Amino acid sequence: MIEVADRLNTVEEYYFSKKLREVNLLIANGKPVINLGIGSPDMRPPQKVIDAIVESLQDANAHKYQSYQGLPALREGMAGFYKEHFNVSLNPNTEILPLMGSKEGIMHISMAFLNEGDGVLIPNPGYPTYQSVSNLVGAKTVLYELDEANHWFPDFKAIEKNDLSKVKLMWVNYPHMPTGAGATDELFKDLIAFAKKHNILIINDNPYSFVLNDSPKSIMSIAGAKEVCLELNSLSKTFNMAGWRVGMVVGDSNYINHILKVKSNMDSGMFYGIQKGAIEALKCSSMWFVTLNSVYRKRRELVWKLAKALNCKYDENATGLFVWAKLPPNVKSEAFIDTILNNNYIFITPGTIFGSKGEGYIRFSLCASEEELVEAISRVI
Ligand SMILES: Cc1ncc(COP(=O)(O)O)c(C=O)c1O
């Protein structure tokens, strides 16, 4: 056998990849499992998006390699989207790089800016990919704790107790997954001041702004952001296009060029038809979000009911595609979700996969139909 590279010993198989095997085994044994685990939108993208990819297949250019920076019309669509929804002006030629989902951007950015041993600030709880990608590139992670009592915002004084001299990147993610905490302009200003003080590049990972959120915000709308911030965004949740793999990184052209240097050595462009579909999605009017959120709002009411039936507490002001719920005192997340999975055939995500600060919490996804949620409630009351 050939020995694997040392870096593989720094990560484990993704939690959902492992756990879904267990869930699928239950299903194969005839158990009617309701999956409230993963945040994969179950509704369709806008019809014009699907029409655009279908029509694109006959174009002469459809099957060729595509530009590393995407079609100009895609970057223009992304710039228009940022202007319309966040009031942020971006140069489509130099300040936007389309990505195949924002997840790959986490790797590209890390490869572009981190040497082995460099420090990275990562939220706890937070999206697990920040940690695993940092491990893969040999960076040293410095976890910063988020607390319900502080609205899940970073505590800068606590962070400054660490040695930050080798820290080059800080991952932030507002609206925050898994807690659903939304950002304020004040928070973004504080983050920018912190980044300037310590010479750190902040990346706001922003894929949830348009789900059950009345005030979408971009860190790039704050003065001074372009000097020290990048932002990732994605069409996955905004337009029900998770499987299409379309995202973007936006920011100062110098940063974008460094990321392009990595990315252009790793893939050979995004499929033409997907770009054509994405261009149509980005043109959607705000009615799209009204309709999308009317469905999620009804589902969330049902998930709240389910959470209550499980003796959990939750914040009704939280945003996003999930309900983050606190278990009764002394109940452990993983033991709890295993009991519910095996007794009630409902799969819920344990808070611990987002870090130690997720202990005592569970996360419900809103990517299940009302019928499934009604059924889930009936199984626990
Ligand atoms: C916080 C966060 N960032 C990034 C992603 C990746 O999204 P995508 O690669 O589909 O754009 C997810 C997906 O679940 C997420 O929750």
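A polar contact is a pair of N or O atoms within 3.5 Å; within protein, one must be able to donate a hydrogen and the other to accept it, and residues adjacent in sequence count only if both atoms are side-chain atoms. Here's one to start with: an N or O atom in the side chain of Ser-234 sits 2.6 Å from an oxygen atom of the ligand. Keep in mind that this is a predicted model, where local features need pLDDT of at least 70, side-chain atom pairs count only at pLDDT 80 or more, and totals for chains, interfaces and linings use all residues. Residues are numbered from 1 along each chain as its sequence is written, and side-chain values use heavy atoms, with hydrogens and water left out.

**Around the ligand**

- There are 14 residues around the ligand, and Asp-205, Tyr-208, Ser-234, Ser-236 and Arg-245 come nearest (to be near, a residue needs a heavy atom within 4 Å of the molecule or strand).
- Ser-236 has a polar side-chain atom 2.6 Å from an oxygen atom of the ligand.
- With Lys-103 it's the backbone that matters here: one of its N or O atoms lies 2.9 Å from a ligand oxygen.
- On its own the ligand has 400 Å² of accessible area, and the protein covers 90% of that (areas come from the Shrake-Rupley method with a 1.4 Å probe; for residues, only the protein chains shown count as cover).

**The nonpolar core**

- The largest nonpolar core has 131 residues (such a core is a set of buried Ala, Val, Leu, Ile, Met, Phe, Trp, Tyr and Cys residues joined through side-chain atoms within 4.5 Å; buried means under 20% relative accessible area, exposed over 50%, partly exposed in between, with a 1.4 Å probe and protein chains only).
- Among the members that touch the most others are Trp-171, Phe-239 and Phe-364.
- Helix H11 (residues 286-309) gives the most to this core, namely 9 residues (helices, H or I with at least four residues, and strands, E with at least two, are DSSP runs numbered from the N terminus).

- Strand S3 (residues 119-124) runs parallel to strand S4 (residues 140-145), with 6 bridges between them (two strands pair if DSSP finds at least two bridges between them).
- In this pairing, Ile-122 is opposite Leu-143 in S4.
- S3, helix H5 (residues 128-136) and S4 form a right-handed β-α-β unit (right-handed: with the strands pointing away from the viewer, the path from the first strand over the helix to the second runs clockwise).
- S3 is also joined to S5 by 3 bridges, again in parallel, and Val-120 faces Leu-169 there.
- Strand S5 (residues 167-172) has 5 of its 6 residues buried, so the rest of the structure largely encloses it.
- S5 pairs in parallel with strand S6 (residues 201-205) over 4 bridges, and Leu-169 stands opposite Leu-201.
- From S5 the chain goes through helix H7 (residues 185-198) to S6, in a right-handed β-α-β crossover.

**The mixed sheet**

- Another one to trace is an open sheet of 5 strands with mixed pairing, in the order S1-S11-S12-S10-S9.
- Strands S1 (34-36) and S9 (313-314) are its edges, each pairing on one side only.
- S9 and strand S10 (residues 322-326) are antiparallel, with 2 bridges, and Lys-313 has Lys-326 as its bridge partner.

- Ser-365 belongs to strand S12 (residues 361-365) and counts as buried because its relative accessibility is 0%.
- The Ser-365 side chain reaches the backbone oxygen of Ile-38 at 3.0 Å.
- Tyr-14, in the segment before helix H1 (15-28), is partly exposed because its relative accessible area is 29%.
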